[in-house]
Amino acid sequence: MVYTVTFNPALDYAIQTDKIILGKTNRSHDEYILTGGKGINVSTMLCNLGVENTALGFIGGFTGAEIKKRVEQNGCKADFIEVDGLSRINVKIKSSEETEINGSGPNIQNEDIARLIDKISKIKKGDYLVLAGSIPKGISDTVYSDIMKNTTDGVNVIVDATGSLLLNALKQKPFLIKPNHFELSDIVGETLGENHEKVLTHADRLCEMGAENVLVSLAGNGAVLSTQNGRHYSCAAPKGKVLDSVGAGDSMVAGFLFGWLESGDYEHAFKMGIASGSASAFSKGFAKKDAVMEIYKTL
């Protein structure tokens, strides 16, 4: 079984408009609502790929109830913890440029985190746990590390986070981490750009710091993978028109996990990750499996 954790889920309200003029009334010509939050995004894409999973995290109020309903409608199981306050609404404005206004979400108390850790402590050996996204203000940046300390031995943990939240988690030896090249640059204190060899060198450093495998997305320049057995994989980005980049990185995580569960082979998992991330970027919302497999065949 796969479990995902989202500390701060959201409803993403996406608006398409030709041009934004500040201080004026702007009108959209297309709009839609999706569930948001990196862990939920991974769950949604896993469902599209046919992988059973359970979404964990915190929800509050009528927006939280809507998030839970939509997660279940997508085919995922939902086992959220209800907290005081309202789950956030994020506004995604798609015009000549993409602009995001993200809400803050409810306050998470220590007792709420304790309840989550209790749930996670019951996850069985051999299962997979995805810890994805940022955390609300007031929560320690050791929280992912603390969660990992309380998992059963043999639970495979995937961490998609940034900064000290990710670095602290490395001490617990996650199965996989997935920074993008900007996030990796911040960690190593050097602008890496999109050069595959240079990025792989620093991905190896993160393996030395505790990560078993490091998958780095490079936007329009593809991705690289450094593995625990010292192997390197590199792939250019597939060709296509980007319609919506939101959730592409989360789709890559889901695709990698799907490929790994299917084969236990790093190359296959890597290609499935790239195909899934690209297919979602070329779609409105998260890609379906057929679209993913069409891209996979070209890699």
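Biologist: Is asparagine 41 buried or exposed?

Modeller: This is a predicted model, in which local features need pLDDT of at least 70, side-chain atom pairs count only at pLDDT 80 or more, and totals for chains, interfaces and linings use all residues. Residues are numbered from 1 along each chain as its sequence is written, and side-chain values use heavy atoms, with hydrogens and water left out. Buried means under 20% relative accessible area, exposed over 50%, and partly exposed in between (1.4 Å probe, protein chains only). Because its relative accessible area is 5%, asparagine 41 is buried.

Biologist: With which side chain does the side chain of asparagine 41 make a polar contact?

Modeller: Asparagine 41 is found in helix H1, residues 38-48; helices (H or I, at least four residues) and strands (E, at least two) are DSSP runs, numbered from the N terminus. A polar contact is a pair of N or O atoms within 3.5 Å; within protein, one must be able to donate a hydrogen and the other to accept it, and residues adjacent in sequence count only if both atoms are side-chain atoms. At 2.7 Å, the partner of the asparagine 41 side chain is that of aspartate 250.

Biologist: How many salt bridges does a search of the whole structure find?

Modeller: Side chains of opposite charge can pair when their charged atoms come close. A salt bridge is a side-chain nitrogen of Lys or Arg within 4 Å of a carboxyl oxygen of Asp or Glu. For the whole structure, the number of salt bridges found is 13.

Biologist: How many residues apart in sequence are the parts that lysine 284 and aspartate 30 tie together?

Modeller: Lysine 284 forms a salt bridge with aspartate 30, with the closest N and O atoms 2.9 Å apart. Lysine 284 lies in the loop between helix H9 (266-281) and helix H10 (289-296), and aspartate 30 in strand E3 (residues 30-36), so the parts they tie together are separated in sequence by 254 residues.

Biologist: Is aspartate 160, which forms a salt bridge with lysine 38, buried or exposed?

Modeller: The closest N and O atoms of aspartate 160 and lysine 38 are 3.4 Å apart. This pair links distant parts of the chain, with aspartate 160 in strand E10 (residues 156-160) and lysine 38 in helix H1, 122 residues apart. Lysine 38 is partly exposed at 29% relative accessible area. Because its own relative accessible area is 4%, aspartate 160 is buried.

Biologist: Which residue is linked with Lys38 and Asp160 in a network of salt bridges?

Modeller: Aspartate 250 also makes the polar contact with the side chain of asparagine 41. In the network of salt bridges, the residue linked with Lys38 and Asp160 is Asp250.
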